[in-house]
Structures are given as C-alpha cells and as structure tokens.
Amino acid sequence: PVSTTEQISFTDALFTSTSAVCVTGLTTLDTATDFTWFGKSVILFLIQLGGIGVMTFTSFFASVGRSKHSLSEGNALTSMVVAKNMRKLFSALHAVIIVTFIVESFGAIIIYLELPRSEFPDNISRFTFALFHAVSSFCNAGFSLAPNGMMNEIFYHEWGIQMTMAWLIVFGGLGFFIITNYLERFALGMRNFIKHTIMGKASKYEPNLININSRLVVRTTFWLLVLGTTLFLMFENNYYLSGLRWDEKLYTAFFSTVTARTAGYNTIDYQAVLLPTTMLIMILMWIGASPGSTGGGIKTTTFAVAFLTAFSIGRGKSTTHFHNRELNRQSGRKAQVVIFFSIFSILIGTMMMAWFEPSVSLDRLLFEAFSAFGTVGLSMNLTPSLSEESKYILISLMFLGRIGIITLFVAFIRKTRFLLFSYPEEELFI
C-alpha cells in the first residue's frame with residue numbers, strides 16, 4: 001500500500017512490475033498519479049535492473065566478490081554481451097555499469113537544464129524528474145512521471161528535451177559493447193593524435209578495432225532511422241503533421257521513429273495516424289534494438305542477417321558476406337528461428353486477445369501485441385481498458401520479448417551432447 005495512492009489489483013501490480021523489468025513501458029495505471037514516490041522509486045529500480053540485465057547485474061556483483069563462474073555461465077554471458085573472449089568478459093561487465101551511469105548522469109543534467117523551472121516546486125523535484133526520464137530513456141523503458149506522458153505540455157513543444165531523450169534511447173539501443181568498442185577506437189585515435197602530432201612520436205596501430213558486429217549494428221540502426229523518418233514524413237506530411245513547421249515535422253518524425261525502436265514514448269496520438277504509418281511503427285517495433293542493449297525486438301542483427309542472406313540467395317551465392325567477412329551459417333539459422341517464432345508468438349497473442357476483446361479492432365490489438373513483444377510500450381490507449389485475460393497475454397509477450405526466443409530454447413530444450421553420424425541430405429522445394 002505504501003507504493004500506490006489507492007489500492008490496486010494484483011494483476012495491475014504484476015503488469016507494472018513486468019513492464020518495468022522488461023523495460024517495455026505499457027501501463028494499466030498512470031505512473032504519475034497512481035504511484036507514490038516510493039512506488040516510483042521501485043519502478044525506477046526495476047527499470048535500471050531490467051535495462052542493464054539481470055544476468056549482467058548478478059555477474060558484476062559476483063565478479064566484485066571474486067566468486068567463481070561456471071563455463072556455462074560464461075558462455076551465456078559472452079553471447080549476451082558480445083564480448084570477444086572469456087578473459088575480457090568479466091572486466092567488460094564493470095564497463096557496463098560505469099558506461100550506463102555516466103551516460104544516464106550526463107543525460108539527467110542536460111534534461112534538468114532544459115526543463116522549465118515554473119513546472120516544478122523546487123530544484124530537487126526537477127532533478128528527480130530529469131533523472132527518472134534519463135534512466136527510462138537510456139533503458140528504453142518508456143515510463144514517464146508526467147501525466148499523459150510525452151504529450152504533456154512539459155515535453156510537447158520542448159524539442160531540446162525530446163532530442164536529448166531520443167539520443168539517450170539511440171545509445172541505449174546500440175548496446176553497451178558497441179559503445180565501448182567505438183570509445184576504444186576514439187581513445188586510440190586521440191592517443192595517436194597526441195603522440196604523432198603534438199609529441200612527434202610514432203603512432204600505434206591496432207587492426208580490427210571496430211569488429212564486424214559493431215559495424216553491422218551501427219549501419220543497420222542508421223538506415224532504420226533514416227528510412228523510418230523519411231517514410232513517416234511522407235505518410236503524415238499532409239495529414240497529422242500538416243499544422244507544424246518543417247523543422248517541427250522533422251523533429252516529430254525522427255522522435256517517433258527512434259521511440260518506436262523499443263523506447264515507447266509518444267508525442268502523437270497513434271489512433272489518429274494513417275494505417276501505413278501504423279504499419280511502419282509496427283515494423284520498427286518488431287525489429288527493435290541491438291543485441292546486448294537495453295532494448296527488445298528481434299534485434300537489428302537478426303534483421304540484417306536475414307536481409308543479407310536473402311540478398312545472397314537472390315544473387316545465387318552459397319554464403320553470406322558483409323564488409324569482407326563471411327557470416328557463419330549458425331547466425332543465419334538463429335535469425336530464421338527468431339523471426340519465425342517472433343511472428344508466430346505475436347499472431348497467437350493477437351488471436352487470443354481478439355477472443356477476449358471482441359469489440360476491439362484488429363489493428364489496435366495487433367499494435368498492442370507488437371508493442372509488448374518488442375518491449376516498446378506504445379499503445380493506442382487500449383492497455384488500461386483490457387480484460388484480465390488480455391493483460392496476462394501481454395505480460396507473457398513482454399517477458400518472452402525481453403528474454404528472447406533463443407534464450408528460452410536454451411533453457412528448456414535438452415541439447416544433443418554428441419552426434420556420431422549424419423543422415424543423407426535431401427533438397428526440398430521452397
């Protein structure tokens with residue numbers, strides 16, 4: 001009872017907790033008015049825990065305590081954080097915590113300076129408000145302390161705040177080790193500049209500093225943002241965005257594209273946009289962020305590998321290449337599994353909700369299911385009015401979308417230890 005202003009149901013409590021841990025942002029209650037400062041603090045803690053990742057958090061504190069890690073734990077963590085090798089893994093986990101808190105603190109200061117003083121009784125509440133939104137943005141959570149979220153007057157025409165939050169979302173969605181990989185490259189460049197240009201010494205050369213995973217993630221993210229913003233402007237220029245200046249149209253289109261990739265903040269009413277725009281947002285929610293990041297979805301690398309594989313097949317090639325590297329077949333197989341079961345899960349969830357919500361249109365239910373699985377948090381104002389059964393379906397989709405299809409299979413399907421034979425190979429008609 002200390003967490004809420006009035007009694008709430010167990011389902012709403014579970015829904016809010018799941019949405020916070022899975023950094024989704026879908027809410028059946030108004031975070032600003034229905035929760036006390038203690039309840040908001042609990043939500044913030046769950047967002048931070050879910051954003052960094054429960055496995056990363058526990059491994060970090062375990063490594064601080066110098067406890068031993070099993071080989072299976074190390075392998076699972078390596079696949080999660082995309083570390084180069086086991087030796088660098090646990091030292092890299094310390095960097096996760098440090099980078100997270102530095103970026104969130106920097107974002108909180110910028111948002112604090114941009115917030116209008118007249119909206120807050122004192123500087124403490126103003127900074128607390130800024131800190132909550134910085135953490136929620138970097139963790140791609142989508143929770144807000146403002147009534148009506150980003151459509152509140154505090155944010156609605158404050159383009160500086162929106163752009164700060166947008167870049168926090170982008171950095172959080174890139175992944176911790178993508179950021180550190182480029183920071184290493186930047187640090188090396190600065191050291192070489194100082195040694196060679198200022199001190200007159202020889203430069204240090206390190207090949208392959210930017211790995212193939214980082215290049216693929218950044219390039220895919222860039223094109224998703226560019227194409228998403230362009231298509232949003234094209235669809236809504238003479239419709240929802242018709243009353244805005246050209247720069248306001250660009251800001252709104254860019255922010256809507258960024259937040260659709262698992263953050264969940266909205267500065268527009270998605271019930272009022274055109275159907276092509278709704279479909280664009282659903283595609284962006286489905287693709288989501290990058291591996292090892294705070295976001296969800298099928299991940300940018302999954303989408304990119306599937307696209308590159310299809311392009312290779314179309315050209316008659318037996319292998320898939322990117323940036324002078326050959327992608328292994330295991331990556332392609334994993335991408336196929338993730339894509340198939342993500343679509344299957346979303347359609348099954350939508351079908352079940354359509355059964356429990358016969359009066360709700362299919363596009364609104366599908367939008368809600370994509371948002372839950374992609375851990376986005378965007379909604380057509382439908383979540384609070386759903387039945388208990390539909391809320392539990394969304395809880396399941398949020399949980400599944402956050403932990404990932406591959407993780408679920410690893411947890412519940414027994415692996416084949418040895419395979420001492422192979423069957424005759426056959427080709428099927430596709």
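Does Met234 count as buried or exposed? Met234 counts as exposed because its relative accessibility is 54%, where buried means under 20% relative accessible area, exposed over 50% and partly exposed in between, with a 1.4 Å probe and protein chains only. This is a predicted model, in which local features need pLDDT of at least 70 and side-chain atom pairs count only at pLDDT 80 or more, while totals for chains, interfaces and linings use all residues. Residues are numbered from 1 along each chain as its sequence is written, and side-chain values use heavy atoms, leaving out hydrogens and water.

Let me turn to the overall picture. The protein has 18 helices and two strands; these are DSSP runs numbered from the N terminus, helices being H or I of at least four residues and strands E of at least two. Of its 430 residues, 48% count as buried. Its accessible surface, computed by the Shrake-Rupley method with a 1.4 Å probe, where for residues only the protein chains shown count as cover, comes to about 22,800 Å², and 65% of that belongs to carbon and sulfur atoms.

Next, the interior. A nonpolar core is a set of buried Ala, Val, Leu, Ile, Met, Phe, Trp, Tyr and Cys residues joined through side-chain atoms within 4.5 Å. The largest such core holds 42 residues, and those touching the most other members are Tyr270, Ile281, Met285, Phe367 and Leu378. Two or more residues each come from α11 (212-236), α12 (246-260), α13 (275-287), α15 (329-356), α16 (362-373) and α17 (388-403). Helix α13 gives the largest share, seven residues. A second, separate core has 39 residues, including Phe120, Leu145, Met165 and Phe255.

Which residues is Ile281 in contact with, leaving aside its neighbours within four places in sequence? They are Phe232, Ser256, Ala260, Tyr270, Phe367 and Leu378, contact meaning heavy atoms within 4.5 Å.

Helix α14, residues 300-314, has 15 residues and reaches 21 Å from its first C-alpha to its last, close to the 21 Å expected at 1.5 Å a residue; the expected span is 1.5 Å times one less than the number of residues. Among its buried residues are Val305 and Leu308. The buried residues of α14 pack against α11, α13, β1 (320-322), β2 (325-327) and α15. Just after α14, Gly316 takes a positive phi of about 80°.

Finally, I return to Met234, which lies in helix α11.
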